[in-house]
Amino acid sequence: MAAARASGGAPLEEEDASELKLGEDFVKAKCLMNAEVSLVLQRKYEQLQQLADDPSAQISQVFEKSLQYVRRFSRYQNPDAVKQVREVLTRNQLHEFEVCVIGNLCPETVEEAKALVPSITKRGRMDDEKIETMLTDLATIKKFE
């Protein structure tokens, strides 16, 4: 397959999440899980509610829809649980993209985790035992949330 070329003539790398080839936007990006976005938006929502008398602090429909979306699709609601999930996933040296995919989708089995995020097993990064331990830790956090 021929690689695309940038305007300067250099070949562009084809994006492939299974190989963590995510493109320029993800090189230095900090990805957030839905639960983390929910906490941020909830905090902002509360601030805007306190300023309800100020006409410049009105809550847009897009903001409200975004908040509803991340609330609905957040697997963790408790701020401490969200923090613990992030710690478990980063402790396993996962890429930001992998952290968010696993944190959002919450795979229950090693096979499911490897199917959803095939990059975690590339180049011997994580074996089945390490993945199982990580998933058990996440399940424990969810159980006690």
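This is a predicted model: local features need pLDDT of at least 70, side-chain atom pairs count only at pLDDT 80 or more; totals for chains, interfaces and linings use all residues.

Mentor: Residues are numbered from 1 along each chain as its sequence is written, and side-chain values use heavy atoms, with hydrogens and water left out.

Trainee: Which pattern does the chain follow along the sequence?

Mentor: Helices (H or I, at least four residues) and strands (E, at least two) are taken as DSSP runs, numbered from the N terminus. On that basis the chain has six helices and zero strands. Read along the sequence, the pattern is α-α-α-α-α-α.

Trainee: What percentage of the residues of the chain count as buried?

Mentor: Buried means under 20% relative accessible area, exposed over 50%, and partly exposed in between, with a 1.4 Å probe and protein chains only. Of the 145 residues of the chain, the share that counts as buried is 30%.

Trainee: What share of the contacts with a separation of 6 or more is made by residues 24 or more positions apart?

Mentor: Contact means heavy atoms within 4.5 Å. Among contacts in the chain with a separation of 6 or more, residues 24 or more positions apart account for 62%.

Trainee: How far apart are the end C-alpha atoms of helix α1?

Mentor: The expected span of a helix is 1.5 Å times one less than its number of residues. Helix α1 covers residues 34-50, and its 17 residues should therefore span 24 Å. The distance between its end C-alpha atoms agrees with this, at 24 Å.

Trainee: Which helices are included in what covers the buried residues of α1?

Mentor: The buried residues of α1 are Asn34, Ala35, Glu36, Ser38, Leu41 and Leu48. What covers them includes α2 (61-73), α3 (79-91) and α4 (96-105).

Trainee: Are α3 and α6 roughly parallel or roughly antiparallel to each other?

Mentor: Axes are lines fitted to C-alpha atoms, for helices over the stretch in contact, and angles run from 0 to 180 degrees between N-to-C directions. Angles under 35 degrees count as roughly parallel, over 145 as roughly antiparallel, 65 to 115 as roughly perpendicular and the rest as oblique. The axes of α3 and helix α6 (residues 128-143) come within 10 Å and cross at roughly 175°. The two helices are therefore roughly antiparallel.

Trainee: Which residues of α3 and α6 make the contact, and how are they divided by class?

Mentor: From α3 come Ala81, Gln84, Val85, Val88, Leu89 and Arg91, and from α6 come Met134, Asp137, Leu138 and Ile141. Ala, Val, Leu, Ile, Met, Phe, Trp, Tyr, Cys and Pro count as nonpolar, Asp, Glu, Lys and Arg as charged, and the others, Gly among them, as polar. By class, the contact has seven nonpolar, one polar and two charged residues.

Trainee: With which residues is Asn104 in contact, leaving aside its neighbours within four places in sequence?

Mentor: Asn104 is found in helix α4 and counts as buried because its relative accessibility is 18%. Apart from those sequence neighbours, its contacts are Met33, Asn34 and Arg75.

Trainee: Is Cys106 buried or exposed?

Mentor: Cys106 lies in the loop between α4 and α5 (110-116). It has a positive phi of about 50° although it is not a glycine. With a relative accessible area of 18%, Cys106 is buried.

Trainee: Is Gln93 buried or exposed?

Mentor: Gln93 lies in the loop between α3 and α4, and has a positive phi of about 50° although it is not a glycine. At 58% relative accessibility, Gln93 counts as exposed.
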